[in-house]
Each structure stands twice: as C-alpha cells, then as structure tokens.
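Please read the following account alongside the sequence and the model, moving from one part of the chain to the next.

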Amino acid sequence: MIKAGIIGVTGYAGAELARLLLDHPNVTITAASSVTYEGQPLAAVYPSYHQFTDVICTDEDEVIDKSDVIFAALPAGLSQSIAKKALAAGKKFIDLGADFRLDSEALYEKWYGNTWEDADLQHEAVYGMPEFFREDIVGARIVANPGCYTTAVPMAVAPLVANHWLVDYPIICDCKSGITGAGRQLTETTHFPVINEGCHPYKIAAHRHTPEMEQTLTRLANHITEVTFVPHLIPVNRGILATCYMTLANSRTAQALHDLYRQFYADKPFVRVLPDGAVANIASVRYSNLCDVSIHFDAHTNTVITVSAIDNMVKGAAGQAIQNMNIICGLPETTGLLHVPPAF
C-alpha cells in the first residue's frame, strides 16, 4: 500500500484529495495536516467523512515523516520549502499549488509575487498533465499539478495547436468556473448574495493562469502561442467550462476536425470527445476525473469553437494529482479514478 499524506487537508482541494484517496485500492492516508484545525478529526471538519476515516489533523513534519507520497494543497508561495524537506527525506511530492508550474522565475515573480527558493528543485519538477506529458511524469520525484483553467483550456485546443491547424493567434478563451475554484475562505465576491443568480467576469486579461496556459500550448506547438483569457464566476459549486475560439489556417470540414480530436485523444482514458452535435456540459462530469470536449465549426468565418468541461475539484485539482501519483508509482493511471458521474 502507498502511504499518502496531505498537507492542507481542510481546504477544498485537500478535502477532495481525502475523499478520493479513501476510495483508492492501493492507498492508505497515513497523515494529514491543517494549520487551522490541527488536533481535530478530519471528520469533525467535514462530517461527510464520519466513519470513513479517523485521521486527526496534524502538522506538516508528521505528514512528511509518515508518508511515501505527499500532496500539498496550499496557496501559492507555501510549497517550496516543504518540497525541499520532503525530497531530502526521500519522499515523492505532488504540489497542487503554483510554486513549481512555471518554467520562468521572472514570470513566477510577475504573476505570483514570489521568487524561486531553489533553482535546482524548480528545474527538477515536472509538469503533471498526463494527457500531454506522461513520459516526463514516470519516475518523477516532484510533480507540479496543473490548475483548473490550465487543464480545461489546453484540453480544448491541444489537437489543433499541436498539429498546426491554426492561424491568427491569440486563442480566445472564455471560461466559467464554479465557486469552489475561489477556495474555502469567504470573500466579498464569493458571498452568497453576490454570487447567487449572477455571472460575472473577473481578472479580465489579468488572470495568473494565463502564462501557465501559454507555456503548455507553446510546448505543444513548438512556437509561442498566446491566449486572451477571460474567466467568469457562476453560482454552482463545481465545474469549469472553457469555450475557445480559433481561426483555421486552411479550409477544413467538421468531420476532419472531429477525426483529429478522436485520434489525438484515442489513448487518453479520461478524455471523452463527444459526438457531432453534442455539447460539453459541466453537469456531465461532476465528481469525476473526466474531461468532455465538443467541437463546433462556423464555416461562415472559418472559426473552430471547442468546449471542454471538467470538475475543477477533480480533473482540475485532486483527481489529476492522484492520476500523477498513479503514474509515478507505477500503477495504471486510472486506478481509483474510474467514477461514473451522476446523471442528475
């Protein structure tokens, strides 16, 4: 059995890690930490876990000591020193935050206001998006788990970018997120009377996930690929819906577009390319590690519109982290993650 530990277990991503790991056939949760709830049972913080776990929230050092694989579900800027301690102790480290995602220290400082503490550690970290970079993850000691928007957008556009079917960048990315993406701490913009019955964009053309998306797409395209990214908050708990608009370099048919996507994702177990006429919907992927993608073509303007849907807490956070754990530990990547989404 893999001994797994969670640092930051009482945030939304950490709690979702606990839920999924409790159902994993090859994992036992040996320790979990929380600064706010240290000394309290996890089931007291989240009553839905009552009788499923007796984990008591402890500190990060005990998590490192008792675990083989450590998940850090922390805000940006808090994982670097913990990762260094974990690797020094011979442990695997999967970071759900942003501390190891960007290849450029300058971009990390620009968008997150922090600097690298250890350049060697940063260069060792691999970017954990298995659908694109699986071979990098095999045997890795430290994995940077992608964010929610930065999973949904590349999934929607990767086949076109990687095969050079596009022209006239930037790609326009219009995204909607459930409120859990903002984290557990209440803010004015996530207060119920503000978010309920509304839909509003935020951080227009200034969201910190922008450079991460561009880094992934640039790597796939082998040339600089830019996006114009506008996220919106919607009054649902879970889900990311990414609607992306792209101009084709040459005339293509709708059938050719669907064939391209089906071929590109043929061996990717969590990606469902929807049939012609279907539209991706966050309701169809809830509580799962799936990503649904639908492809649409506006022949009048030679524009491709692709829509991807994920659960931001699973494929956009905890599920993808466990997918990465499976790969670095030599398990089938679907282990513990083949959950059928509810129909309603």
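The UniProt record, in an unreviewed entry, places the feature "domain: Semialdehyde dehydrogenase NAD-binding" at residues 3-140; UniProt positions are given in the numbering used here, feature names are shortened, and annotations may be inferred rather than shown by experiment. The model is a predicted one, in which local features need pLDDT of at least 70 and side-chain atom pairs count only at pLDDT 80 or more, while totals for chains, interfaces and linings use all residues. Residues are numbered from 1 along each chain as its sequence is written, and side-chain values use heavy atoms, with hydrogens and water left out.

The domain assignment divides the chain into domain 1 (2-145 + 317-329) and domain 2 (148-310), with bounds that come from an automatic or database domain assignment. The C-alpha centres of domain 1 and domain 2 lie 25 Å apart, and 23 residues of domain 1 are in contact with 27 residues of domain 2, where contact means heavy atoms within 4.5 Å.

Strand β1 (residues 2-7) is joined to strand β4 (residues 69-72) by four bridges, the two running parallel, and isoleucine 6 stands opposite phenylalanine 71 in β4.

Two residues can be picked out along this part of the chain. Glutamine 51, in the loop between α2 (42-45) and β3, has a phi near 70 degrees, a positive value in a residue other than glycine. Its relative accessibility is 72%, so glutamine 51 counts as exposed, on a scale where buried means under 20% relative accessible area, exposed over 50% and partly exposed in between (1.4 Å probe, protein chains only). Serine 81 lies in helix α4 (residues 80-88) and is partly exposed at 39% relative accessibility; serine 81 and glutamate 117 are 36 residues apart in sequence, yet 7.6 Å apart in space, C-alpha to C-alpha.

A second open sheet, also described by seven strands, has the order β9-β10-β8-β11-β14-β13-β12 and mixed pairing. Here β9 (200-201) and β12 (271-273) stand at the edges with a single partner strand each, so one side of each is left without a neighbour in the sheet. Eight bridges join β8 to β11 in the antiparallel sense, with valine 167 opposite threonine 247 in β11. β11 and β14 likewise pair antiparallel over eight bridges, and methionine 246 stands opposite valine 304 in β14. Strand β13 (residues 291-298) and strand β14 (residues 303-310) are antiparallel over eight bridges, with aspartate 292 opposite alanine 309 in β14. Helix α10 (residues 210-221) packs on the sheet, touching β8 (166-177) and β10 (227-233), and its direction makes about 135 degrees with that of β10. Helix α11 (residues 254-264) also packs on the sheet, touching β11 (240-248), β12, β13 and β14, at about 160 degrees to the direction of β13; axes are lines fitted to C-alpha atoms, for helices over the stretch in contact, and angles run from 0 to 180 degrees between N-to-C directions.

The largest nonpolar core has 58 residues, and those with the most contacts inside it are Phe93, Leu160, Ile171 and Cys244; such a core is a set of buried Ala, Val, Leu, Ile, Met, Phe, Trp, Tyr and Cys residues joined through side-chain atoms within 4.5 Å. Helix α8 (residues 149-162) gives the most to this core, with nine residues, and the core draws at least three residues from each of domain 1 and domain 2.

The UniProt record, again unreviewed, places the feature "active site" at Cys148. Cysteine 148 lies in the loop between β7 (142-144) and α8 and is buried, with a relative accessible area of 10%. Leaving aside neighbours within four places in sequence, cysteine 148 is in contact with His209, Ile240, Ile310, Asn312 and Gly316.

Notes. Pairing = 2+ DSSP bridges.
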